[in-house]
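Here are some notes for reading this entry. Please keep the structure open beside them.

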Amino acid sequence: MGIKIDMANAFDRVNWDFFLQVLSQMGFSSHWCNMISKCISTTSMVVLVNGSPGKFFKPSRGLRQGDHLSPYLFLFCMESLSRYLTHAETHQQIHGSKICKDAPDINHLLFADDCMILCKANLQEYNNLIQIFKEFGQSSGQLINFSKSGIFFSKNTAMDIADNINNTLKVQRINPTIKYLGSHMFTTKSKIQAFKPCVDKLKFRFAGWKTTLSTAGEMTMIQSVTSTTSIYQMNCFKIQKTICNEINAIQRDFFWNKEQDRFK
């Protein structure tokens, strides 16, 4: 089974003592930890009430969203969860999934505060995961919002076990058509149909540019915008040649104005 967890106000709930302890355990010097501590703890905030500012106050936890340093600092907090899950698998508390027979186990995927956890669909591993979430939340200050989280099961999971875990965890089942970080979470046997929306989205973009761009502008859009739209997808999936050829054909037709009267 897989659980996509949602962190409630992830940046705002970071415990400073926990964060600094993580930095220390990862080998950062005390001088570096003190500088980071000053960056996150010397800020002042104010609340606007009906457009008027109130009294300034100092927060006791959290990282400022919008600060260029905050995403990098938050990764250290999530690194602790990553190592916690790896430690749990080492002690056989959870078991990850393999993409093939000789591949290593994968028990979680992380991207900032987005987390996908993979384990076996049984009540024992479910209880171990709940304990991990509880201990991580108590130490780091993070809170998992189960109402916005999701769960999915493999087709080999018994229906009664899946329903029992789903009802106990009280999270919604993930729709097979959902996207995760911009990529399809599940694909069908027909990869052409799975990535057809990417082609349709590209056609929609071109439709709004045809009458407003010069030749130089068309070339810039093709190189800088449309040529990069599928790069992220290609990092995760091996896209069919048919889809790649169709994307190339759309770009050629756009550049040469094939669908307009002034065909070059």
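This is a predicted model: local features need pLDDT of at least 70, side-chain atom pairs count only at pLDDT 80 or more; totals for chains, interfaces and linings use all residues.

1. The chain contains ten helices and nine strands. Of its 264 residues, 36% are buried. Among contacts with a separation of 6 or more, 64% are between residues 24 or more positions apart.

2. Look next at helix H1 (residues 16-25) and helix H3 (residues 70-90), whose axes come within 10 Å and cross at roughly 80°. An angle from 65 to 115 degrees counts as roughly perpendicular, and H1 and H3 are therefore roughly perpendicular to each other. On the H1 side, the contact is made by Phe 18, Phe 19, Val 22 and Leu 23; on the H3 side, by Leu 73, Phe 76, Cys 77 and Ser 80. Sorted by class, the contact of H1 with H3 has seven nonpolar residues, one polar residue and no charged residues.

3. The count of aromatic pairs comes to five. One of them is Phe 11 with Phe 74, a stacked pair with 4.7 Å from centre to centre and 15° between the planes. Phe 11 lies in the loop between strand E1 (2-6) and H1, and Phe 74 in helix H3, 63 residues apart. Both Phe 11 and Phe 74 are buried.

4. The rings of Phe 28 and Trp 32 have centres 6.0 Å apart and planes at 20°, so this pair is stacked. Phe 28 is partly exposed, at 29% relative accessibility, and Trp 32 is partly exposed at 38%. Phe 28, Trp 32 and Phe 76 form one aromatic cluster; Phe 76 also takes part in the contact of H1 with H3.

Definitions and conventions
Residues are numbered from 1 along each chain as its sequence is written. Side-chain values use heavy atoms; hydrogens and water are left out. Axes are lines fitted to C-alpha atoms, for helices over the stretch in contact, and angles run from 0 to 180 degrees between N-to-C directions. Helices (H or I, at least four residues) and strands (E, at least two) are DSSP runs, numbered from the N terminus. Angles under 35 degrees count as roughly parallel, over 145 as roughly antiparallel, 65 to 115 as roughly perpendicular and the rest as oblique. Contact means heavy atoms within 4.5 Å. Ala, Val, Leu, Ile, Met, Phe, Trp, Tyr, Cys and Pro count as nonpolar, Asp, Glu, Lys and Arg as charged, and the others, Gly among them, as polar. Buried means under 20% relative accessible area, exposed over 50%, partly exposed in between (1.4 Å probe, protein chains only). Rings of Phe, Tyr and Trp (its six-membered ring) pair if their centres lie within 6.5 Å; planes under 30 degrees apart count as stacked, over 60 as edge-to-face and the rest as tilted.
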